[in-house]
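Work through the exercises below with the sequence and the 3D view open. Try each task before reading its solution.

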Amino acid sequence: MVIQQGLTANLTFVCAPHKKLRSLSNRRPRSGICHLQSRSQHTATVSYQLYMRSAGSSPSIDERVLDALSGRSVVVTGGSGLIGRALVEQLQECNSEVVLLSRQPNRARDMFSPRTGAMPRALVYDAEPDEPVSDSVFEAIGQADAIINLAGEPVEDGRWTASRKQILYNSRVNGTRKLVDAVRKHRSNAVLINASAVGYYGPSASKVFTEKCKAGSDYLATIAMNWEQAALANTNQSRTTVFRFGVVLGNGGGALPKMSTAFRAFLGGPPGGGEQWFSWVHIEDVVRLLLHATVDTKWNGVYNATAPQPVRLAEFCQELGKALGRPSWLPVPKQAIQALLGNEAAQLILAGQQVLPKRTRENGFVFKYKDVATALQQLTGSRSGELLEMRRDCR
Ligand SMILES: NC(=O)c1ccc[n+]([C@@H]2O[C@H](COP(=O)([O-])OP(=O)(O)OC[C@H]3O[C@@H](n4cnc5c(N)ncnc54)[C@H](OP(=O)(O)O)[C@@H]3O)[C@@H](O)[C@H]2O)c1
């Protein structure tokens, strides 16, 4: 049955087979899906949630993809991070069996609620080279249908001292090597989906980067290149997909909450002049990409996970100011950022790159958030959400 936008409906199930209803109720909510509340022999009380899209409807996750995720075993590293939390919640809703690999498994597990779906299992895992992979982690990898590798020491949290550089490297490159090694030893055919970053291309004020472009030569580019090589070594074993993420915009961490705090305090403005490119992506599109790549075998190799319309940082700040109802008037001088982070780490903010998701779009992926104004309005709540949830009881 198709329920059109603006229409409410009372659904009555008479003599509906309870088995069928229970199976519907076990699935995550989506258009017209019924949730079983109580039953008698011949009637059932149901509530339904109706998800509707606003005019000009935008794509959501393919229903086929959501269905295919049910019951799949997915091992996730970095599941406690910005991307990981959003991903795992969606996997919970899809009834996937999630295993979190974390340095602090109890903390990671406590981030999730049974209300969202089946609780993930969590196991101790550390990317450091001298930390062996435990038997339980090894076993979980052997049983997995997919491994989504997101772990990585945050690059933006402070100066890049020699010891911190080692941690940045180990947490990505060694961690990935360990996973790939375990997949190989198991002769597993689990798909490996690995994070990378647009830092791979190195900074440029004028170039336009697509997936075919070569790696840059600065420190971040070198890490990203080694990280990807470690992941792509798995290609002979099983399907391997690498996503080069742009700056992920989400409310659960990363750049946006930090910038929003400054803007809310009337201290917002473009750092270092604002001419640098800012290749961003909405967290929802990141999760959609990861889920599509988990189930769809056409995702192979390297893809840019960036919105199709990158902007200069000054434009981003203007739009963030508009979305928050605050001015973008206080540029942060380059010298202040360099003094705070040191010259090398400051480049993260002071230099950017214009990255286009060419292969990603050629693979048929349609970004839900293409322009930064819409993405920021949605994330800051300055536009009513696209989800209209309705519950109706009917008998
Ligand atoms: N967010 C972005 O804008 C962005 C952009 C480009 C690339 N990426 C990459 O995408 C991945 C996920 O991003 P995110 O924003 O979700 O990251 P995040 O919020 O910083 O979380 C990363 C996760 O990695 C694990 N981790 C942190 N330090 C570690 C270390 N020293 N050794 C081993 N594990 C460590 C943590 O898990 P536990 O504490 O549970 O072990 C943490 O939850 C990261 O690798 C990041 O570099 C992100």
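**Exercise 1.** How many residues surround the ligand, and which are the closest?

Solution. The model is a predicted one, in which local features need pLDDT of at least 70 and side-chain atom pairs count only at pLDDT 80 or more, while totals for chains, interfaces and linings use all residues. Residues are numbered from 1 along each chain as its sequence is written.
Step 1: A residue is near a molecule if its C-beta atom, placed from the backbone, lies within 6 Å of it.
Step 2: By this rule 26 residues surround the ligand, and the closest are Gly 78, Gly 81, Ser 102, Gly 152 and Ser 171.
Step 3: Helix H3 (82-93), helix H6 (162-186), E8 and strand E11 (247-249) each give two or more residues to this shell. Helices (H or I, at least four residues) and strands (E, at least two) are DSSP runs, numbered from the N terminus.
Step 4: The shell holds 13 nonpolar, 11 polar and 2 charged residues. Here Ala, Val, Leu, Ile, Met, Phe, Trp, Tyr, Cys and Pro count as nonpolar, Asp, Glu, Lys and Arg as charged, and the others, Gly among them, as polar.

**Exercise 2.** Give the strand order of the open sheet and explain why one side of E6 and of E14 is left without a neighbour.

Solution.
Step 1: Two strands pair if DSSP finds at least two bridges between them.
Step 2: The order of the 7 strands is E6-E5-E4-E7-E8-E10-E14, with parallel pairing.
Step 3: E6 (121-124) and E14 (301-305) are at the edges and have a single partner strand each, so one side of each lacks a neighbour in the sheet.
Step 4: As an example of a pair, E8 (residues 191-197) and E10 (residues 240-245) are joined over 6 bridges, and Leu 192 stands opposite Thr 240 in E10.

**Exercise 3.** At what angle do the axes of H8 and H10 cross, and which residues make the contact?

Solution.
Step 1: Axes are lines fitted to C-alpha atoms, for helices over the stretch in contact, and angles run from 0 to 180 degrees between N-to-C directions.
Step 2: The axes of H8 (residues 255-264) and H10 (residues 313-324) come within 10 Å and cross at roughly 65 degrees.
Step 3: Residues are in contact if their C-beta atoms, placed from the backbone, lie within 7 Å. H8 contributes Met 259, Ser 260, Phe 263 and Arg 264, and H10 contributes Leu 320, Gly 321 and Leu 324.
Step 4: These residues divide into 4 nonpolar, 2 polar and 1 charged.

Technical notes
Two residues are in contact if their C-beta atoms, placed from the backbone, lie within 7 Å.
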